Amino acid sequence: MAGKAPVHAFVGGMGAAAMGAALLLAACSSGGGGDAAGDNSNAPVGNVKLSADQLRRVHLFTVAPVAYHRTIAAPGTVDFDNDQATSVLSPFTGPVIRTLVELGQHVAKGQPLALVKSGDYAAAVDAYRKAMVTAGNARRVANADKDLAAHDGISAREAAQAQTDAAGAEADRDAARQALVALNGTGRASSGAAIIRAPIAGTIVDKQVTPGQLLQAGSTQTFTVANLSRIWVLAQVSNSDLGAIKAGDAATIDAGTAAGNFLGRVDNVAASVDPNSRAIVARITLTNPSGLLKKQMYVDVSIQSDKVSTGLLVPVSAVLRDDENLPFVYIALPDGSFARRHVTLGYRDAARYEIVDGLKTGDRIVVDGAIFLQFMQNQ
């Protein structure tokens, strides 16, 4: 017995488990290990029976239903928060004189972005100035007629007509001012160039104009301004996982950056299937204070379902594959032997499989030493 190989306990890793299997086989094949061969001859065909020493190194797990929260893994892409991003269309026609901002520059709401030589703007300025003069004159006449009517200088009817004319002129002035506001955002009449202004505060993420380019009112896109402090991640969720997620579920975003993971929440689950991926898009909102997440960046998404599920979960180490790649476990039988039991796998997390079919509550399966049993059974 001096040459007998030492016996070590099994561990979860494949390499260590395989080494343990070889050592245990050596133990049962040496002079003092004849029990295993004898026991196998009495066990049902195809089953494995171990010696008492070997049994001490096999760990069993009793199957029972447990409540758990699923974690859904899905690929995703980063996008702007479209509730806080906008394409800036030129409000007037004319050639660009000069651009005033660069890509990546932060701008305030109303900040000038480009100068344009525009006949539309010049006409709006002229119309506003004329309306202002007309309204002022009409109001002065109305006030004078009101005083005259009080001293019987004119009829009350003439004074009332003057008030009506003044009110109409002031309404025309206000309309001309609103037209000017739509063009330059300030409502101030300036004889200079027309100005394209930022409609929201944010970052210039797209610049589509250059000096000399002719713009068409209401159709030419000039810039895109986005608030990058808050962004969206669009996760592609499969049909089988759809029932497990809902708005409000927490999500972890792994972008592969040195900053680590980002945390967010599902705020919308699409009502239709993405025609390209055939998946359902779950939209996740999260803060992006460092600006590390960029549009179109690929990320890995883990959504922690708030829904409680119940099932038979077993350790990953219990599940093996046969020659046809079908999953099975070793189940302990009443006679002390171990038999293969093919199973149907469902949900999996980092450490456990859900067994959809093949096991029932109370079954005892091998979770440590299964590789050794497979090795012995194949001898």
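A helix here is a DSSP run of H or I with at least four residues, a strand a run of E with at least two, and both are numbered from the N terminus. The expected span of a helix is 1.5 Å times one less than its number of residues. This is a predicted model, in which local features need pLDDT of at least 70 and side-chain atom pairs count only at pLDDT 80 or more, while totals for chains, interfaces and linings use all residues. Residues are numbered from 1 along each chain as its sequence is written, and side-chain values use heavy atoms, with hydrogens and water left out.

Q: How do you know what span is expected of helix α5 (residues 156-184)?
A: Helix α5 has 29 residues, and at 1.5 Å a residue 42 Å is expected. From first C-alpha to last, α5 reaches 42 Å, close to that value.

Q: What makes residues of α5 count as buried?
A: Buried means under 20% relative accessible area (exposed is over 50%, partly exposed in between; 1.4 Å probe, protein chains only). Those of α5 that are buried include Ala159, Glu170 and Leu180. Their cover includes α4 (119-150) and β7 (194-197).

Q: Why is helix α6 (residues 370-377) called mostly covered?
A: In α6, 6 of its 8 residues are buried, so the helix is mostly covered. Among them are Phe372 and Met376.

Q: What makes a set of residues a nonpolar core?
A: Its members are buried Ala, Val, Leu, Ile, Met, Phe, Trp, Tyr and Cys residues joined through side-chain atoms within 4.5 Å. The largest such core has 24 residues, and Phe92, Ile196 and Phe223 are among those touching the most other members. Its largest share, 5 residues, comes from α4.

Conventions. Contact means heavy atoms within 4.5 Å.
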